[in-house]
Amino acid sequence: MTTIKEVAQLAGVSITTVSHVVNSTRFVSQDTRQRVMDAMQRLNYRPNSMARSLRLGVSQMFGLMLPDNSNPFFAEIARKIENLCYENGYNVILCNSDNNQERESSYIDLLIGKMVDGVIFIASGNQPDHLNMLVEAGIPIVIVDREVGLQVADVILVDNCQGGYLAARHLIQLGHRRLACISGSSRVTPSADRVQGYRLALRDYGMDCDESRIISGDLRYEGGIQAMQALLSLPEPPTGVFCCNDLMAIGAMRAVRSAGLRVPEDISLVGFDDIFMASAVTPALTTVAQPIEEIAEKAARLLLERVHSPQPKKPTERVVFQPRLVVRDSCRNLEESA
Ligand code: RIB
């Protein structure tokens with residue numbers, strides 16, 4: 001493997017000069033820089049990133065922890081974060097915990113070993129005690145989407161309770177009285193808060209909340225199918241269903257059709273997230289939109305500021321974005337057709 005010494009000899013400069021060119025740690029004249037770059041190319045020299053990290057105390061790398069990278073919501077967030085970090089000279093190590101906290105913990109070990117400069121973290125559950133290993137390693141953390149009760153991290157959330165309220169109120173205002181909700185995993189805060197918003201809307205409109213019509217899903221397509229099948233098997237199936245994310249709503253749509261019924265004629269559906277698929281399915285899904293791009297951009301910028309901040313102890317921020325109801329074609333107005 002070519003060494004930095006061989007590059008310096010070929011370019012006719014010192015090893016220090018090669019290091020300054022590689023790490024942009026001091027001004028080097030264009031002519032000298034070009035000689036070094038030519039030598040590196042001729043010798044196919046690859047700087048050792050770990051040696052550089054150890055020497056400079058920075059890795060120019062961030063970790064991004066996701067619970068399920070097959071879910072477009074997380075994929076869209078990851079793409080935006082990775083683009084922004086790349087534009088600012090940082091590489092992103094994507095870690096998919098696959099909703100498994102042991103796997104999440106082993107990835108945290110990996111990120112510490114890689115000496116990442118910061119981590120953007122979307123939890124797989126609500127007991128990520130292993131996050132303290134990052135805190136003890138002095139690695140800045142930005143928590144996104146799911147509360148984890150860590151006081152020393154910036155937090156970016158959506159008002160999930162308001163989102164659930166908007167979804168249920170929309171169905172009620174369309175005349176639906178037999179409502180249901182397909183929730184996500186109770187291990188993560190967003191779903192529990194959305195169900196709370198659903199309950200508050202029913203209360204505000206003087207409707208009882210039938211707990212047998214709140215079915216637990218898994219935030220995945222298949223979970224939406226199974227939960228909708230359970231609702232359709234009830235003695236009096238619902239006419240309007242709020243699903244705590246779009247993937248489950250699209251699964252529910254599949255289950256309605258498989259039962260020989262139609263959306264929205266027989267069953268109205270509302271989702272949550274507004275992933276690109278929500279507008280691509282037929283009928284297009286009415287949903288509660290999360291500002292995915294803004295969430296991702298805020299997470300990346302907060303971490304970059306934290307890493308570059310002249311005030312290492314800048315107070316942590318808690319940012320709560322507002323969701324927005326996007327009305328499309330998956331809900332029927334029972335008032336009109338009465
Ligand atoms: O679709 C994945 C869901 O899990 C989203 O609603 C997001 O908020 C996350 O909590």
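Biologist: Is F73 buried or exposed?
Modeller: F73 is buried, at 3% relative accessibility. Buried stands for under 20% relative accessible area, exposed for over 50%, and partly exposed for what lies in between, with a 1.4 Å probe and protein chains only.

Biologist: And what about F74, buried or exposed?
Modeller: F74 has a relative accessible area of 5% and is buried. Please note that this is a predicted model, in which local features need pLDDT of at least 70 and side-chain atom pairs count only at pLDDT 80 or more, while totals for chains, interfaces and linings use all residues. Residues are numbered from 1 along each chain as its sequence is written, and side-chain values use heavy atoms, leaving out hydrogens and water.

Biologist: How many aromatic pairs are there?
Modeller: The count is three. Rings of Phe, Tyr and Trp (its six-membered ring) pair if their centres lie within 6.5 Å; planes under 30 degrees apart are stacked, over 60 edge-to-face, and the rest tilted. One of the pairs is F62 with Y90, stacked at 4.3 Å centre to centre with 10° between the planes.

Biologist: Which parts does that pair tie together?
Modeller: F62 belongs to strand β1 (residues 61-66) and Y90 to the loop between α5 (72-87) and β2 (91-96), so the pair links parts that are 28 residues apart in sequence. Helices (H or I, at least four residues) and strands (E, at least two) are DSSP runs, numbered from the N terminus. F62 is buried at a relative accessible area of 1%, and Y90 is buried as well, at 2%.

Biologist: What do F73 and F74 form?
Modeller: They form an edge-to-face aromatic pair, with 5.3 Å centre to centre and 80° between the planes.

Biologist: Changing topic: which way do the side chains of β4 point?
Modeller: In strand β4 (residues 141-144), I141 and I143 point one way and V142 and V144 the other, and all are buried.

Biologist: How many bridges join β3 to β4?
Modeller: Three bridges connect strand β3 (residues 118-121) to β4, and the two run parallel. Two strands pair if DSSP finds at least two bridges between them. I120 stands opposite V142 in β4. From β3 the chain passes through helix α7 (residues 131-136) to β4, in a right-handed β-α-β crossover. Right-handed here describes a path from the first strand over the helix to the second that runs clockwise, with the strands pointing away from the viewer.

Biologist: What joins β4 to β5?
Modeller: Three bridges again, to strand β5 (residues 154-158), running parallel. V144 has I156 of β5 opposite.

Biologist: What order does the open sheet of six strands have?
Modeller: The order is β7-β6-β8-β9-β10-β12, with mixed pairing. Its edge strands, β7 (214-216) and β12 (324-326), each pair on one side only. Within the sheet, strand β9 (residues 268-273) and strand β10 (residues 286-289) run parallel, joined by four bridges. T287 in β10 is the bridge partner of G271.

Biologist: Where is D266 placed?
Modeller: D266 is in the loop between α11 (246-258) and β9, and is partly exposed, at 29% relative accessible area. Its C-alpha atom is separated by 8.3 Å from that of R332, 66 residues apart along the chain. Not counting residues up to four places away in sequence, D266 touches T239 and L261, where contact means heavy atoms within 4.5 Å.
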